Amino acid sequence: MMKSVPMVSALALCVAGSLHAEPQAEVLHYWTSGGEAKSVAVLQEEFASNGGTWTDMPVAGGGGDAAMQALRARVLSGNAPTAVQLKGPAIQEWYEEGVLADISSVAEAQGWAAVLPESIAGHMKCDGQWCAAPVNVHRVDWIWANSDVLESNGIAMPTSWDEFNAAAEKLQAAGIIPLAHGGQAWQDATVFEAVALGILGPDGFHKAFVELDEATLTSDKMVAVFDQMRTMRGYVDPNFPGRDWNLATAMVINGEAAFQIMGDWAKGEFLAAGKAPGDDFLCVSTPGDGFLYNVDSFAMFSVDGADKQAGQELLAELVVGKNFQEVFNLNKGSIPARTDVSLEAFDSCATLSASDMSSSSANGSLLPSYAHGMALRGAQAGAITDVVTSHFNSDMSSQEAVKQLASAVANSL
């Protein structure tokens, strides 16, 4: 007896055609420093090994501002990239412009909801649908130090801002630059929010930089935050204006400077230079309680063509896959966004970060970084950073800075 042959629907043929299209992905990102470039190369290789063709579109600039300008020009011209390094509220802003793709089919097939922390998953969704894929979790509030410089000057890693100031004074007297810093707005904001977390505490930080509470923004504690920033301005060298963050990290690596306050992407630079944590360099969270996070992710933009759509699906699957989450974060200095990736191969700074993230999540002090686009939309974050940078680069009093801060936030709403 002859078996009947089932009819294949046009839709099934269409889907099969899409699945067999050669995946194409033009990827816009701003991972251009040593550790970052090595990290993104891992994804390119994995994409190619799965039959994909990757077109790289790197745009230099650690804060990503230049990349966002390039993205807007591409979207306005009707030629959006396949995938873009994007994060936080910026993902929602692009979604509201109607230009993001829905990658829920990949997320559901791969079980993302079961392996991503709820707070991080929330950033990846647009009106309940998955529109972005998380790469990692960066901790922002770190102090990095050259261990030889500290040891030769009899200095321990500071656990309070008073201890930091005392160490900086001692280093300065010995002719060493206490704080490696690059005079760019986002770097000023990075130091500022780390100081603010320590002085305001987690609740005060949330009120100030998530809720934009006027009473907190104008409080005596906020004056104290600016006072500490003024003190720290005296610890940087005269050549800091315009310096890229990775060049500031190199100053610590080379022993030209003792400390840097920067997210754990700085660790990627130490590792790329062949330095070992706990031996050549030291890491500790900035003084105070809490954990400021910055999550890198790829948002998928609406594109035409089965090859590009297949590229998006493959890219999303690889980005959140266990292998890439481990290999990428080992290179980048961050920790996996997935909670089920073993940390056995990770160093002491990463395991400390993962432990602190877990405890901070449990006690409510796991907080989105305002300086790195996780807590606020661009207008509000930009208003705060303008005041921070103006204060850091002038003789403006802390009281005047607090007045301008409250005014700038009010005008940005």
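Asp 296 and Lys 332 form a salt bridge whose closest N and O atoms are 3.7 Å apart; the term stands for a side-chain nitrogen of Lys or Arg within 4 Å of a carboxyl oxygen of Asp or Glu. Asp 296 sits in the loop between strand 12 (291-294) and strand 13 (297-300), and Lys 332 belongs to helix 16 (residues 322-332), so the pair ties together parts that are 36 residues apart in sequence. Helices (H or I, at least four residues) and strands (E, at least two) are DSSP runs, numbered from the N terminus. Asp 296 counts as buried because its relative accessibility is 4%, and Lys 332 is buried too, with a relative accessible area of 2%. Here buried means under 20% relative accessible area, exposed over 50%, and partly exposed in between (1.4 Å probe, protein chains only).

Before we go on, a word about the model: it is predicted, so local features need pLDDT of at least 70 and side-chain atom pairs count only at pLDDT 80 or more, while totals for chains, interfaces and linings use all residues. Residues are numbered from 1 along each chain as its sequence is written, and side-chain values use heavy atoms, with hydrogens and water left out.

At 0% relative accessibility, Ser 39 counts as buried. Leaving aside neighbours within four places in sequence, Ser 39 is in contact (heavy atoms within 4.5 Å) with Phe 324, Phe 328, Asn 331 and Lys 332.

Helix 16 also has a helical partner. Two packed helices are described by the angle between their axes and the distance between the axes. For helix 15 (residues 306-320) and helix 16, the axes come within 4 Å and cross at roughly 65°. Such axes are lines fitted to C-alpha atoms, for helices over the stretch in contact, and the angles run from 0 to 180 degrees between N-to-C directions. Helix 15 contributes Leu 318, Val 319 and Val 320, and helix 16 contributes Lys 322, Phe 324 and Gln 325. By class, this contact has 4 nonpolar, 1 polar and 1 charged residues, where Ala, Val, Leu, Ile, Met, Phe, Trp, Tyr, Cys and Pro count as nonpolar, Asp, Glu, Lys and Arg as charged, and the others, Gly among them, as polar.

Back to the salt bridges, of which the structure holds 10. In one of them, the side chains of Asp 356 and Arg 139 meet at 2.6 Å, N to O. Asp 356 lies in helix 17 (residues 348-363) and Arg 139 in strand 7 (residues 136-139), so this pair ties together parts that are 217 residues apart in sequence. Arg 139 counts as buried at 2% relative accessibility.

Another salt bridge joins the side chains of Glu 97 and Arg 72 (3.2 Å, N to O). This pair links distant parts of the chain, with Glu 97 in the loop between helix 4 and helix 5 (104-110) and Arg 72 in helix 3, 25 residues apart. Glu 97 counts as partly exposed at 42% relative accessibility, and Arg 72 is likewise partly exposed, at 36%.

The buried residues of helix 3 are Ala 67, Leu 71, Arg 74 and Val 75. Seen down the helix axis, they fall within an arc of 95°, so they line one face of helix 3; the arc is that of the directions from the axis to the C-beta atoms. What covers them includes strand 1 (24-29), strand 2 (53-58), strand 3 (83-85) and helix 4 (89-96). On the other side of helix 3, Asp 65, Gln 69 and Leu 76 are exposed. After the helix comes Gly 78, with a positive phi near 75°.

The loop between helix 4 and helix 5 also holds Asp 102, which is partly exposed at 45% relative accessibility. Beyond its neighbours within four places in sequence, Asp 102 is in contact with Gln 129 and Trp 130.

Asp 127 has a positive phi of about 50° although it is not a glycine, and Asp 127 is exposed, with a relative accessible area of 71%. Leu 212 has a positive phi of about 55° and is not a glycine either, but Leu 212 counts as buried at 14% relative accessibility.
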